[in-house]
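Subject: Structure handover and findings

Dear colleague,

Please find the structure below, followed by an account of what was found in it. I would be grateful if you would read the two side by side.

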Amino acid sequence: MSSATPAVHFLRRHGVAFAEHPYRYEDRGGTRVSARELGIDEHIVVKTLVMQDDERKPLIVLMHGDREVSTKQLARDIGRRSVEPCPPAVAERHTGYMVGGTSPFGTRKQLPVFIERTILELPRVYVNGGRRGLLVSLAPSDIVRVLNATAVDAGRE
């Protein structure tokens with residue numbers, strides 16, 4: 001079954017090899033639920049976090065599902081005074097995606113993307129495919145290539 005989300009269209013347009021993985025979505029379940037439903041390690045599920053800097057400029061952070069973002073370290077890594085999560089309505093306005101279905105691919109506005117460096121060491125990761133209950137699996141190198149993502153060291157357990 002094919003999903004016609006902006007993220008899937010984006011990946012196809014950019015020639016990315018990926019697979020779709022639908023699962024039963026649960027409100028506020030996050031990567032823990034998607035990993036459980038797909039029978040995969042939560043560490044290889046990458047969450048898409050929409051944040052904003054001290055000037056309220058939006059950015060995307062891609063982080064392991066089982067890790068948190070140190071916003072102080074992230075701000076240092078990207079040369080900003082501070083970084084904080086965007087309110088859900090603001091994140092939806094920037095990306096065009098509902099919270100819980102936010103993909104870094106095919107966003108309404110092109111946003112700078114930062115990816116936790118250790119994600120690049122994995123052979124394949126699972127990222128939101130543009131709707132609640134859909135992940136896509138692909139090589140991290142493809143994420144960097146199509147999103148021009150910058151590696152950061154902002155993860156914490």
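Is glutamate 84 buried, partly exposed or exposed? Glutamate 84 has a relative accessible area of 36%, and it is therefore partly exposed, where buried means under 20% relative accessible area, exposed over 50%, and partly exposed in between (1.4 Å probe, protein chains only).

Before going further, please note that this is a predicted model, in which local features need pLDDT of at least 70 and side-chain atom pairs count only at pLDDT 80 or more, while totals for chains, interfaces and linings use all residues. Residues are numbered from 1 along each chain as its sequence is written, and side-chain values use heavy atoms, with hydrogens and water left out.

Salt bridges

Side chains of opposite charge can pair when their charged atoms come close. The whole structure holds 12 salt bridges, each being a side-chain nitrogen of Lys or Arg within 4 Å of a carboxyl oxygen of Asp or Glu.

One of them joins the side chains of glutamate 84 and arginine 56, at 3.1 Å from N to O. Glutamate 84 belongs to strand S5 (residues 83-85), whereas arginine 56 sits in the loop between S2 and strand S3 (58-64), so that the pair links distant parts of the chain, 28 residues apart; helices (H or I, at least four residues) and strands (E, at least two) are DSSP runs, numbered from the N terminus. Arginine 56 counts as exposed, because its relative accessibility is 55%.

A second salt bridge brings together the side chains of glutamate 68 and lysine 47, with 3.7 Å between N and O. Lysine 47 lies in strand S2 and glutamate 68 in strand S4, so this pair ties together parts that are 21 residues apart in sequence. Lysine 47 is buried, at 17% relative accessible area, whereas glutamate 68 counts as partly exposed at 44%.

Arginine 24 is exposed, with 54% relative accessibility, and glutamate 37 is partly exposed, with 28%. Both residues belong to a network of salt bridges that links Arg24, Glu26, Arg36 and Glu37.

Strand S2 and its partners

Strand S2 is mostly covered, with 8 of its 9 residues buried. Two strands pair if DSSP finds at least two bridges between them. S2 pairs with S3 in the antiparallel sense over 7 bridges, and valine 50 stands opposite isoleucine 60 in S3. These two strands form a hairpin with 4 residues between them, and arginine 56 in the turn has a positive phi of about 65 degrees.

S2 also pairs with S5 in the antiparallel sense, over 3 bridges; methionine 51 has proline 85 in S5 as its bridge partner. With strand S7 (residues 125-128), S2 runs parallel and is joined by 2 bridges, and valine 46 has valine 127 in S7 as its bridge partner.

Histidine 64 is placed in strand S3. It counts as buried because its relative accessibility is 0%. Its side chain makes a polar contact of 2.7 Å with that of threonine 118 (a pair of N or O atoms within 3.5 Å; within protein, one must be able to donate a hydrogen and the other to accept it, and residues adjacent in sequence count only if both atoms are side-chain atoms).

The largest pocket holds about 900 Å³ of space. Among the 35 residues that line it, Lys47, Thr48, Leu49, Val99 and Gly100 are the closest to its centre. On a 1 Å grid over the protein atoms alone, a pocket is an open set of points where a 1.4 Å probe fits, with protein on both sides within 12 Å along at least five of seven lines, and lining residues have an atom within 4 Å of a point. Grid points are joined across faces, edges and corners, and a volume is the space filled by probe spheres set on the points.

S2 gives the most to the lining of the largest pocket, namely 7 residues. The lining of the second largest pocket, of about 190 Å³, comprises 14 residues, with Phe10, Thr107, Gln110, Leu111 and Leu147 nearest its centre.

Yours sincerely
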